[in-house]
Amino acid sequence: MYGLTSQLFEYISLAMSHPEETSSLNTVVETFQEALSTSNLHPVQQDLFQSIIQTYDSEIQALKARYNTMNAEHLLARMEDHQRVSSVLEKIGPEINTLTDIIYKLGKSARSPGEVALTKLAEQMKGSKNSMLLSAYL
């Protein structure tokens, strides 16, 4: 009984620290209960052990319920995060696609973006010089 009790408490400790892993605990509890029913212990002692098992079983069930609740809350939070990100991406998707196209086209262009900007600036300056010269001539 001492060996079975030690094993029982070891598995109870494991189940309390890892509520998702309780299958081995169930086997140990069943083995312990079988040994308890076939032992020649006094009925008061058997009742004591049964009471201990029931108390720990209740605690483990409560831990499982808390674990499942925490897991569900975590999954819900992840789903809400996903919905928020999807909503933002849906709103800015067209703009991102446009920017991606522009970047792709600039990459394909033989000229760098700096050269394009300088060329436009030079054309604007030429146009304003010509219009100043034309107005001065007239």
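Among contacts in the protein chain between residues at least 6 apart in sequence, what share joins residues at least 24 apart? The figure is 57%, where a contact means heavy atoms within 4.5 Å. Keep in mind that you're looking at a predicted model, in which local features need pLDDT of at least 70 and side-chain atom pairs count only at pLDDT 80 or more, while totals for chains, interfaces and linings use all residues. Residues are numbered from 1 along each chain as its sequence is written, and side-chain values use heavy atoms, with hydrogens and water left out.

Let's start with the overall layout. The protein chain has four helices and zero strands, so-called by DSSP runs numbered from the N terminus (helices are H or I, at least four residues; strands are E, at least two). Read from the N terminus, the order of elements is α-α-α-α. The accessible surface of the chain is about 10,900 Å², and carbon and sulfur atoms account for 60% of that; areas here come from the Shrake-Rupley method with a 1.4 Å probe, and for residues only the protein chains shown count as cover. Out of 138 residues, 13% count as buried. Buried means under 20% relative accessible area, exposed means over 50%, and partly exposed is in between (1.4 Å probe, protein chains only).

The mean for the protein chain is 75, with 70% of the residues reaching 70 or more. Helix H3 comes out highest, at a mean of 84, and helix H4 (residues 113-137) lowest, at 57. Over residues 129-138 the pLDDT is below 50, and this stretch has zero contacts in the model beyond near neighbours in sequence.

Now for the inside. The largest nonpolar core has nine residues: Leu8, Ile12, Val28, Val29, Phe32, Leu36, Phe49, Ile53 and Ile60.

Phe32 and Ile53 are 21 residues apart in sequence, and their C-alpha atoms are 9.3 Å apart in space. Another pair to look at is Gln7 and Val28, also 21 residues apart along the chain, with 7.4 Å between their C-alpha atoms. Gln7 lies in helix H1 and is partly exposed, with a relative accessible area of 33%. Then there's Leu63 in helix H3, buried at 16% relative accessibility. The C-alpha of Leu63 is 9.1 Å from that of His18, although the two are 45 residues apart along the chain.

Side chains of opposite charge can pair when their charged atoms come close. The structure holds one salt bridge, meaning a side-chain nitrogen of Lys or Arg within 4 Å of a carboxyl oxygen of Asp or Glu. The partners are Arg84 and Asp81, with the closest N and O atoms 2.3 Å apart. Because they are three residues apart in helix H3, about one helical turn separates them. Asp81 is partly exposed, at 40% relative accessibility.

Finally, Val85, Val88, Leu89, Ile92 and Ile96 make a nonpolar surface patch of about 410 Å². Patches are made of residues with over 30% relative accessible area and no salt bridge, joining like charges within 9 Å and nonpolar side chains (Val, Leu, Ile, Met, Phe, Trp, Tyr) within 5 Å. Ile96 belongs to helix H3 (residues 43-108) and is partly exposed, with a relative accessible area of 37%.

Note on methods: Core = buried A, V, L, I, M, F, W, Y, C linked by side-chain atoms within 4.5 Å. pLDDT = per-residue confidence, 0-100.
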